[in-house]
Amino acid sequence: MPLNSKRYFKLNFLTTFSALAMFFGCASIQQPTGGPKDTEPPKVLSESPKNFTLNFNSPEISIQLNEYFKLSNTAKEISLSPDVDKQPEYKIKKKYLHIRFQDTLEKNTTYTINFGNGIVDYNEGNILKNYSYVFSTGNKIDSLSITGTVTNAITKEPQLDATVFLLPVNQDTLFGKKKAHIFTSTDSSGNFKLQYLKENTYRIYAVYEKDGGDKIYNSPNDEVAFIEKPIILRKDTSGIKLQLFKEEPTAFRLLDRKIENTGRIIYTFNQKLDTPSLQILSPAELNDNKIVEFSRNGDTALLWTKDLTFDSIKVAILNNGRPLDTTLIRRSKRDDYKQTIGIEDNIPTGRVKPGTDVVLTFSAPVSSIDPKLVTLLQDSVPVRGFRFERDSVSTRKYRLKYSWRKERSYDLTIADNAVKGTYGGLNKQFKKVITRDEEENYGNLNVHFTVPDTTKAYLVELLNATDEPISKTTISTSKTISYTMYAVGKYSIRVIYDENKNGIWDTGSVKEKKQPELIWNSPTEITLRANWDLEEKITIPPPSE
């Protein structure tokens with residue numbers, strides 16, 4: 001073969017070989033997958049001293065796991081029961097958890113370290129759930145248990161992450177002052193289990209702290225549950241039912257006070273007041289002409305005054321004529337109040353229910369509405385015969401009275417400065433498109449209730465799809481309640497056993513050992529269809545704990 005041919009063959013071979021090598025080499029390059037995702041939680045390999053050790057006297061516990069791990073939310077998830085004043089020290093060294101006690105343990109006592117969801121693997125966060133380490137400083141492990149459920153007293157729904165406390169009766173005075181020694185948390189079904197208990201007589205409580213909290217019942221936002229009679233624990237006890245409720249504060253407290261930029265003064269309280277009132281003490285001359293409105297449950301007061309040039313305003317808060325508190329608000333002379341009158345309506349969708357009125361609510365008391373500056377158009381044509389009617393209770397509400405017609409569209413315009421505030425202020429232009437809703441979009445519901453005891457009172461509530469009460473009726477005899485022209489949708493019935501016949505649900509009191517009034521939620525789901533008359537029969541059962 002000629003030399004040039006050999007060189008050509010050799011060069012061509014090398015080129016082809018390199019190209020093939022690059023092709024297959026490139027084709028085999030892949031991003032490392034790292035294998036399947038780890039979904040397994042850590043596992044305990046050994047414990048020293050061993051779990052369920054008797055006559056425990058070691059200053060430290062060492063727990064070995066099969067992988068690297070970390071502790072999550074130690075203060076909330078990990079607990080020693082019975083509790084101690086100085087919490088143990090938890091330290092991680094490689095794959096070992098070392099627990100060193102900082103306090104002296106009681107003699108002849110069974111202890112449980114509950115880890116909850118506190119142990120997770122280092123990389124994926126897989127949780128070693130409900131792991132417990134149990135030991136006794138005596139010669140036996142206490143083995144008794146108490147199980148039950150925690151639900152909401154009103155909704156009857158199970159409560160997740162409620163804390164259930166157990167207190168020996170001789171320590172009952174500690175409740176609400178410090179964390180109980182024996183406690184556990186509920187699961188998503190509201191179930192709880194207190195284990196490794198000794199024979200004793202106990203009080204049992206449950207507390208739900210929405211923001212986590214310190215496992216002490218010491219906040220007005222906490223919900224609480226208890227049973228009146230103590231538990232005499234001689235054998236395993238089950239079926240304990242705890243119903244959470246929020247107590248009414250025993251001492252009146254002013255939560256907030258301020259002058260808004262509109263000149264409206266607002267006060268909020270921690271209690272629902274029966275017959276609240278305000279008295280301006282200084283400047284005293286403002287008291288006679290003040291305008292006050294209270295919220296429906298009496299825990300908020302709105303105050304308007306004729307003059308806003310005062311340096312400070314001192315107000316007394318009363319209930320049933322009895323003074324509760326005196327409060328002072330100071331203002332700067334540089335404060336400038338924009339007394340613009342805002343307008344809201346009761347028809348966010350623009351559709352007015354047949355037979356009802358459009359209700360306008362103003363941001364401040366109104367002295368007058370100039371009809372010359374208000375127009376109502378029907379299909380772009382001005383109409384007459386509409387009028388405004390002042391509400392009998394509130395100086396801020398007016399009803400727009402008009403015979404709305406089917407299949408018509410209305411344009412309401414309230415021009416600038418049409419609305420004059422009692423103590424100053426004018427409105428900005430307000431526009432609303434209004435149509436009359438059709439009767440076919442509503443239905444009628446007739447429910448016949450049978451009561452178990454005619455000497456008692458029953459507060460019947462009709463609830464909408466979001467469990468908000470939209471109608472309340474008190475009955476004491478078997479009767480039919482008619483709900484006329486209600487929007488289509490799903491409804492349900494809730495019954496309050498109104499023991500004191502005051503027409504409201506009364507909550508409980510831990511101090512007085514008084515449970516809240518019992519509630520029964522009917523299992524019947526009511527579906528109201530368009531242009532439909534529905535008949536239902538509901539038998540109210542006797543109250544049960």
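1. Which residues touch the most other members of the largest nonpolar core? In this predicted model, they are Phe 362, Trp 404 and Ile 414, in a core that holds 29 residues. At least two residues of this core come from each of the strands E23 (300-304), E28 (358-362), E29 (366-369), E30 (374-378), E33 (397-401), E34 (409-414) and E36 (430-436).

2. Once residues up to four places away in sequence are set aside, Phe 362 touches Ile 341, Gly 342, Ile 343, Ile 369, Arg 396, Tyr 398 and Val 419.

3. An open sheet is formed by 3 strands in the order E21-E24-E25, with antiparallel pairing. Because strand E21 (276-282) and strand E25 (322-330) each have a single partner strand, they stand at the edges, and one side of each is left without a neighbour in the sheet. On average, and with direction ignored, neighbouring strands of this sheet are turned by 25° against each other.

4. Between E21 and strand E24 (residues 312-319), which run antiparallel, there are 6 bridges; Ile 280 has Val 315 in E24 as its bridge partner.

5. Ser 277 is also placed in strand E21, and its relative accessibility of 28% makes it count as partly exposed. Leaving out neighbours within four places in sequence, Ser 277 is in contact with Phe 294, Ala 316, Ile 317 and Leu 318.

Terms used
Residues numbered from 1 in each chain as written. Predicted model: local features only at pLDDT ≥ 70, side-chain atom pairs only at ≥ 80, totals over all residues. Heavy atoms only, no water. Pairing = 2+ DSSP bridges. Helix = DSSP H or I, 4+ residues; strand = E, 2+ residues; numbered from the N terminus. Axes fitted to C-alpha atoms, helices over the stretch in contact; angles between N-to-C directions. Core = buried A, V, L, I, M, F, W, Y, C linked by side-chain atoms within 4.5 Å. Buried < 20%, exposed > 50% of the residue type's maximum accessible area, 1.4 Å probe, protein only. Contact = heavy atoms within 4.5 Å.
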